[in-house]
Every structure is written in C-alpha cells, then in structure tokens.
Amino acid sequence: MGAPRSVAVVATAQTELRSAWSNAQHVDLISSTVMRLLRIAGIGLADVDFVIDSGSDVLDGRSISNCGFLGAMGAHHKEESRVEEDGLWAATYGATKIAAGAAEIGLIIAYSKPSESDVSLFYASQVEPFYQRPVGFDHLAASGLQAQQYIRMGGSEADFAKVTARAWEQAAQNPFVDIEAAPSEQEIASGEMVAAPLRRHMMARSVDGCVAVLLAGAEVARGMSSQPVWITGMGSAMDNHAFPVRKPGRLEACEAAARAAYNRAGLDPRSASIAEVSGSSAAGELMVLEALGLSKPGQGFDTYSGPTAINLSGGALPADPIMATGLLRLADAHRQLTQPKVFGLASPETAIVHAAGGVGMQTHCVVTLGV
Amino acid sequence: MLLAPDTHPIDRPPLKSTLSMPYTLTPGRAAGVFLAEAKNRRLVGARCVSSGLVSVPAQDFCPATGGSEMELVEAPETGTITGFTQTAAGIIATLRIDGADFDCVHRILEASFDELEIGARVEAVWAEETTQSILAVVGFRLAPGAPVGEVRPLQHAAEPLPMVPYHLDLHYEHAFGPFYGRMFDEIGTNRRLIGVRSTAIDGALLPPREVDDISYTKTGTWMTVPDTGTVRAMSVIHLEFKGQKEKPPYIYAEIQLDGAVTRLIHSVKGIDMSRASELVKPGTRVRAVWSDARTGALSDISHFEPVPDGDEAASL
Amino acid sequence: MARHVGIVGIGQTHHSRRRTDVSQAGLVREAVDRALADAKLTIEEIDSVVVATGPVLFGAVNMPEKWVVDAIGARLKPVVRITSGGGTGLAGALAGYYQIAGGQHERVLVVAYDKLSEGALQYSISTLYDPFWGREFAVGIMGFSAAYWRARMDVLGHTEEAAAMVSVKNHKNALKNPYAHVKKEVTVEDVMKSRPLAWPIKLLDVPPISDGAAAIVLSSEKLAAHSTDRPAWIRGMGYFCEADNAAARSMLVSEPLALAARRVYRSAGITNPRRQFDVVEVQEPYTCFELSYYESLGLCAPGEAAELIASGATEIDGDIPVNPSGGCMGANPIGAAALVRLIEAAAQVMGKAGDHQVPNAKLALAQAGGGWANLRGVAVVSA
C-alpha cells in the first residue's frame, strides 16, 4: 500500500461572469464550459473517469438539480457526485479519489445562476428556523456584525472602501468578469448602507457563471500538461451555526482549514507567491487574509502591499457566482501560476486558494498549490 | 472569450415559477419549551449540566461543548448589546442576556442606529398578542440602568411545542436559453415540435441541447418531428397531493414522438378511464391534441389521445 | 494502492412516522451518538464529518449541515454535505471512504437523515422535473417509477404479483428489525387489493414516510482495532449516473446500476454474485425496483426476477437473502435510507444484525440510488 498519489490541476475553463446570463440556461453554460475545457486539455470525454459537481437546489429551483444536468456535465454513465457546497470542496473530493488510486482524471464543475432566484432567501433559508430566521437574521446581518467586530479589532470603514475599490479595479482587468464601470472609492464609500457599516459594493456581487477544472494523477498529469500545478495541501473546517457563538473578529474555521492545508504542504503562508480568496464582504476578505496567516490580526489591509499577490482576479467582491466562487479562485491561481507574465508575476511557485460558504462565512476550504 | 452558446439568441421573457412549500417543523425539547413558554411571557434558557454554561434562548446542545444533558432555566428579560448592524430587516443585534454565557441575535426597537453602542443595556419588548414564536418578544429596547437580572430554575415548565407551522415561498425566473427558446417558439408560433439531431443515435433529441449526452459532441441540425408518437411507459395516477396540477385519475405517459430518441412527458386522455390500463399501454399509438392557447409551453398541447386502429394506415 | 477502509461503528435511530420530540438536529445527534458509542469513540476523535440528506426542500432548511453541525459537536472540523436524492447516504459514505483511502483523514463520521414528516413530500420531490419540460405532470418519483415498471412488466415479466411478493417478504422481515416502524404482516392478496396510487404501484408497494437518521464511523486500517476487532471492510464502492433524457435511455435495465456493479464486483473479486454474497440489502423506493435490481445486480438473468422472488431464494433463509432488515418497507427516511442499507449490510458481516442476522454472513452487498432512477450506487463489505 503506497503513499497517496500526487494530484495536479491540468486545465481549467470558465464562462464569463455576468450579473445575469439571461440568454442561457444552466445546461447551456455547463456544456459550453465543459466542451471548452476538453478542447483546452486536448482530451475526449472518454478519458474522464468521474465528475464531481457543485450547485444548489435552492438557487436552481430544482430538487436534486444535478440530476437534470448530467448530460451537459458529461457525466452520462460515469461516476458522479454532487457536493452541495462551493466547488473547491468538490475539487478536494476529486483529489482524494485520484490520490487513492481509484481514478486518473476527474472533472470538477461548479456553476450557478443566482440571477434566476432570490439570493437573500438562499442565505436566509440556511438560518435555523426557530430563533434566528424569524427575527430577520441573515447573511447581510451576519456580515454587518462581522464588519463591526472587525473594526473593533483595528479595521476601518475607509479600509473597506479601499479593499472594495481595489477588488473592482482588479476585476475590471479580468477578461472573465463582465464589468461596465468599476465604482470609484468615493462611490463605494458613499454607497447605500446595506448592512451597517457595510455599503452596497462592500458585499459580494452575485453573478452567473460556470467553471470546470480537470484534475489528474501524477503520471497522467505530466503527460497531459507541460505545466501541471500540484495540489500540495487541503483543509476545511466549519464553525458553529449560531453566529453569536463564533469568536468575534476572527474566522477560526478559516484558521483551522488553513492550518490543515499548510501542515500537509509544509507551507509557510508568508512565503506564498499568490493568494486567491473568496471573502463575501470587504471586511470578510480582510478577515480571511488574516486567518490565512498572511498578516497579523487587524492588519489585513497591509497584505495587499506585501510579497504575496492577493486576488489579482478581483476575488469575490465584484463577482460571486455562489457555489462556484472558490473553484474559480482555483482556476485563477492556476492561470497565474502557469502564465505568470500575463499577470506581471516573476516566477511564482506557490498559491493559496480559499473558498467560503454559509451565512457570515461559516465554513472554509483552503487548498495550496505548487509548481 | 466564451459568449453565448453557438446558436442564434432568443429573446423570450423568463419562465416564472414559484415553489410554495408548507412545513410543520419540530423544534425539539429546548426550543419547544421556549416557544410554549412564550405565551406565558417567560424567557427560557438552558444550562449544560456538564459545562455549567447557560444559553438563552434554550438550546438542546451546549454551543461550546456539545453536551446534551441540559436543564431548563428561566432567564431575565434584560441584557447587554454586544454588537449591532442595520439591514433592510431593521436593526439586528447580538445580545448577551443577563446570566447567559452565549450571545443571541434579535431586533432592537424604538432606537435609531446612531444611539446604539456596545455595552448598552436592553430589555425585552413583548408582543401585545401572545404568539408561540421567538417574535413573542418583538425585540429589545434600550433600558439604561436596567438592573442586572439572574437566571433562575424554571418552575412548572410547559410541555414543549411538538411542531410549528412554517412556509417557504421560493420564486424563480428561469431563462430559456437558445435551445429551449427556439423549441418553445416553434411550439407557440407554429405548433411544431422541433429537436436537434442526436450525434449518438439517429433521431431527434427533445428538449434540444448543445451537446449530445452520449457522444458528448455538438448536436446536429434542427429537426422537426410530428406530433404523433408511441407510449413507451405509463401509469394511472390516483394519488392526490399538494401542488398537483391535474385532477386524478389521469394517465401519466412517457411518449416517444416519431423520429425522436427521447421521451416526452404528458397525459393521455380521451379514453374511458375505468379501462385506462387496458386502453393505454407501452406501444399504444397517440397523437397530440393542441389546446387553443399558444403560449409557447408544453401545455400548448392539451393532451395526447390514442390513435384509433386504422386511422394511421389511412393517413400513411 | 488505496488504503483499506473499514466501517467500525454503526448507529441508527428508531425510525418513526413522526418524531415530535426532536428537531432535525436532535435526530441527527441521536444517530451520531449511537455510531460513536458503537465505535468506542468521542466526536473529538473524528477527523471529518460528511452529512447526507435528501433534497433540502424536504425540510425548510437550506444547507442543513450548517445547522446540524452544532448538534453533532463538530465545530472547527471539516463538514461537507453530499446530496444524491434517495441514494445520498451511500454517496456520502463514498465521499467519506475516499477521504480515508486518499490519505486525507483517518476517521470520518458519515451521518444521513431526513425528517420527512415536516414537509410536503410529493410536492417538493416533484421539483426534480425540469420546470420547462414535464414538471406539471410530475407525481414525485412515483409517476415515472410506476410508468417504467409498466414498461418492464410485459417484456421482463415483473408482474404485480411478483412485486407483491417483495412487499410480503420485506414486511415480514421488518417484524424482526427493532429500528423499523412499520410492523405488519401482509399477504399477496392484501397488496393486490390495496388502493392504487400510481397504478401499477399500489399502497402496499410503497414504503412508509419516515423520520430517521443513521450514522457510520469509517476508519483507516491503522486505527480500526481501537473500535472493533471485527470491522466491516469496504471491498468496493461506486456510484454511477445516467443522463435523464439521453437518447434511447433504457427503462428495462438500470444501466448505471449495472455499471456500478461491474466496477465494484471487479475490485471486490465478485464473479458470481448469487453464490458469493451471503446477504444483500437494496434500497427499494417501491417493490418493483427490488425486482429490477435483482437483474441489474446479476443475482439473476434479465427476465428471471419474478421467478427468483417466487422461489423463496431471497427470503432470509434462502440462498441469497435480500433485505433481511425489511428494507425500506420497514422504515424509509429517504435521506438516510441508503446509509441504512449500508449499515444493515455492515451489521451482517460484523455479526451485529440481531434477530435478522443471516448466520455466518461474511460478504454482503448494499445497493442504493436516487434521482430519476438514474443515480445508482453499490458497496461490497466483508468480515
């Protein structure tokens, strides 16, 4: 019985991220993305051993929604599983399957079309229904409370505006994000207050989109790609459901997830070349950066001027295709590691990829990559 | 850059769909007693026997240790704000009820956002009409100098509520996309059923799609199929349930239209329903009966009806 | 290549039509406590948790793993939910299996549940159908299940009488299962005369609607001995699917099930399932499916299922007992049902099946599935 095999990301593909893909169904976005991925990877569907996908029944308006999308996903007569969590968790599932030697090539898909449903209800319906949901506690309230806590740790509303402006500027340069005009720091700072102290742009913008990633075992990966990107560590953790019981001003679950991934990878986060993270609010992004060990508590804002390239994609604030956001971060990190010049990076070697889920980012997943 | 899938765009307003789901939720012992006691205007908390930690409102499991042996307590109606925010739902705060070891969330009433501060004292505001809900306490209001209350043993606890009614309304606007859009346009405009050619097996795929499920290559050209077909599977529905569109008894049928390699789901009517299982079976030939409506939906076909023996031979 | 993984603890609730004493979270906790006690472990010794439930619209709580995590006591552990309709329990176990086999974790708790009494079952599961294409005719999963059975009836001889025998057998077996809540003997005549719901499916072809939870502890080989000297070793597990509206989709055989069986049998060294397996547990949403599974699992040739049930071979004292637990007919908490099948199979090879123990069972097969009869899984466990 040998050690678990190494697993690599060998190719990624995605749709443009738009506030609404009103001319396409889920299946249209999914099949276009998967076809493109196979073309990029130069393989046929027959080469794919399994499919693991992420999506949400409540967002899709269908029960067992994977069931109706199997053909579009290329899963017909293959092993398939639905992880009802961000696609980065699906990728970690796929990686264990390849590491175990049970498969060579896995197709990971995450998609969503929040434009077809009510995102606030998607979150509100996650809240425990007896005490918290009836009083109007939801993702917005949790994010606002979290931001207030973060300010007490040393953050500021001005930082939130700067972080948000930076994220939109980055996203405006990301060809995959559809942005007409990035809001200025001024517009952000004077925007509508949606969850005090958070203003409109300081909450992640829901968008429609789909992303697909191919994972492969070591030998196959080397054959398929001249630049396999290795998964060196994985970790995830979930905090209490009851928001007020979580530790104020910190994301302990993110810390735990990061610890697990770094231990496996032997990675000091401060040495990482790239971090692609999914904060569901401006305060959330800063808290994630701190929980990932990229800065000291309360100093997340300094991370952007530090040695690690943070969210060159723009991250989740300008484009949050709920359920696919974290897997997109993986695709972004993969692009940055394999085409560093495009992103103005010298010779990046490692990346930290982060996904979050739930009300007030209750759960976190961290994957580390290396070339 | 990947734009829309590779066919002409369709501009159809989305399909609106509402899922209106009724529930009866069981709160469990701790929340059940809390909700039952709400009508007595008593706040119920729970103390974990092993950790000694108190949660208000009452929980079945200790938030810190997961301990499951809990004794119920009566909590005071006063507490302290530990955090607050304002959303469209109003001012939502985290609160520490006096004597509790964990915060809870609730609304703050009768105060402007700017007046609030962490550490401010608050007291519960009871609803005028008693309800067995957390909203029996409508919220909390500022109560400067309110004395610090204490947790006491809960005397004569009410029986837990076994269930509470709940309702979830979910609204959707589903995009048609280029393939479904074209097909439903044809149905609505020309009363014509069209699919795309499968690239795995000779015939039409309905509904149409960009890729063939089996070959995973792009599907072929559009292909019209007649509104006649063969029942491949059927059931006589007697069951009644909430949300049902047809009134039982009716026939649920999976029909393979002539020239199609997929099945369409519809009902078969126009027969003596007392003999339904004899008259409609796998192999029965059927044809569409179109309704007067032209909405561009599958319901533009009112139903299918069996083709009498001989009719088809005559038309061939 | 992969590390060996064993089931070292099992637990399930006493299922019932409606539990008004516990919330969904409390129900989960009961099963978790039982599985952990069986494995001689505390939650602190668990590395990771997989939660499996049926479709979330059953229960009014979206992403319910994020609620029940507090009741499980799994704070700051990895917790993820796997969904796959009725087969979700087995799909969840599969994810847990790979967390260990792939070297990520040593011990994984898998918990599956549904509290079906709380929602509108047929209405919510009817949303399985494409909103554009057929949803208005949906009758939960019963409509198509009945229709596909009708298609098999003439070609494969899966008659109403043969299905009634499945109901008789499973009802009888459930009498000995302490966790089942439907405890009544029925006759073929009772089934045949029972009220048609979606003919050919009649009332007594249909399992109950239940509240229930189930949990297992999976362990690496290294740590298994701490919990038991007799784990149920996983010899193979797979979960395949089929596009619901692919060209020429068969209603006669379950191709994804046949694919899953072929894959799993190969890894488990099964060449003659009928002779090699000591006991089989299948998840039968309706009686007609058990007949179909006999054929897709290779317990008999296509067209011979009616003969197999009539021969008595699948009775608890037959040569290939199927559902000695009573299957879903004794209790059907849908999200938990697939994991219950795996638990019952494991209990048999662990020698823990109590009154419905098949003597000397060493090798057991569990089958599960869900969705549009297009998500199908298989597991083989051995002593």
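Predicted model: local features only at pLDDT ≥ 70, side-chain atom pairs only at ≥ 80, totals over all residues.
Local features are reported at pLDDT of at least 70 and side-chain atom pairs at pLDDT 80 or more, whereas totals for chains, interfaces and linings use all residues. Residues are numbered from 1 along each chain as its sequence is written, chains are lettered from A in the order in which they are written, and side-chain values use heavy atoms, without hydrogens and water.

Chain C contains 13 helices and eleven strands, assigned as DSSP runs (H or I over at least four residues for helices, E over at least two for strands) and numbered from the N terminus. The C-alpha trace of chain C spans about 55 × 45 × 40 Å along its principal axes.

Most residues other than glycine have a negative phi, and most peptide bonds are trans. Ala60(C), however, has a positive phi near 70 degrees and lies in the loop between strand 2 (48-53) and helix 2 (65-72) of chain C. In chain B, a cis peptide bond with omega of about -5 degrees joins Val56(B) and Pro57(B), the latter in the loop between strand 3 (54-55) and strand 4 (70-75). A cis bond also leads from Pro248(B) to Pro249(B), with omega near -5 degrees.
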